[in-house]
Amino acid sequence: MTMVGATVDETGRLVRDAAGFLLRREDGGSYRLVLLRVPVDLVEKRVRIRGIHVGEDVVEAEGVAPA
């Protein structure tokens, strides 16, 4: 389990659902993303996110970029 406040640097597929955005991690599982900007052009594409773990499988993303 990732500790709150830990740095996250992961790649996976960016997915949009009714509640917002998820990163389907390449290593399995997913993260719910808290985003300041909406990366609509990257939905359903392979991306790299960097951010801070803020709760159970929730990451406040500082950046989302093509992987």
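**Entry 1: the chain as a whole**

I began with contacts, meaning heavy atoms within 4.5 Å. Among contacts in the protein chain between residues at least 6 apart in sequence, I found that 46% join residues at least 24 apart.

A note to myself on the source: this is a predicted model, where local features need pLDDT of at least 70 and side-chain atom pairs count only at pLDDT 80 or more, while totals for chains, interfaces and linings use all residues. Residues are numbered from 1 along each chain as its sequence is written, and side-chain values use heavy atoms, with hydrogens and water left out.

Next I looked up the secondary structure, and the protein chain has zero helices and five strands. Here helices (H or I, at least four residues) and strands (E, at least two) are DSSP runs, numbered from the N terminus. Read from the N terminus, the order is β-β-β-β-β. The radius of gyration is 11 Å, close to the 11 Å that the globule rule gives for 67 residues, so the protein chain is as compact as a globular protein of that length. That radius is taken over C-alpha atoms, and the rule is 2.2 Å times the number of residues to the power 0.38. I also noted that the C-alpha trace spans about 30 × 25 × 20 Å along its principal axes.

**Entry 2: surface and charge**

How much of the protein chain is buried? I read 30% of the 67 residues. Buried means under 20% relative accessible area, exposed over 50%, and partly exposed in between (1.4 Å probe, protein chains only).

The protein chain exposes about 4400 Å², and carbon and sulfur atoms supply 50% of that area. These areas come from the Shrake-Rupley method with a 1.4 Å probe; for residues, only the protein chains shown count as cover.

Then I turned to charge: there are 10 positive and 11 negative side chains, and the centres of the two sets lie 6 Å apart. Lys and Arg count as positive and Asp and Glu as negative, with His and the chain ends not counted. Each charge is placed at NZ of Lys, CZ of Arg, CG of Asp or CD of Glu.

I picked Glu10, which sits in strand E1 (residues 7–17). Is Glu10 buried or exposed? Glu10 counts as buried, because its relative accessibility is 14%. Its side chain makes a polar contact of 3.4 Å with that of Arg25. Such a contact is a pair of N or O atoms within 3.5 Å; within protein, one must be able to donate a hydrogen and the other to accept it, and residues adjacent in sequence count only if both atoms are side-chain atoms. Beyond four places in sequence, Glu10 touches several residues, including Leu23, Tyr31 and Val47.

I then found His53 in strand E4, buried at a relative accessible area of 4%. Among its contacts beyond four places in sequence are Met3, Val8, Tyr31 and Val59.

Most residues other than glycine have a negative phi. Glu44, though not a glycine, has a positive phi of about 65°. Glu44 lies in the loop between strand E3 (30–34) and strand E4 (46–55) and is partly exposed at 44% relative accessibility.

Asp57 also has a positive phi, near 60°. I located Asp57 in the loop between E4 and strand E5 (58–66), partly exposed at 40%.

My last stop was Asp41, in the loop between E3 and E4. Asp41 counts as exposed, at 55% relative accessibility. Asp41 and Pro66 are 25 residues apart in sequence and 9.9 Å apart in space, C-alpha to C-alpha.
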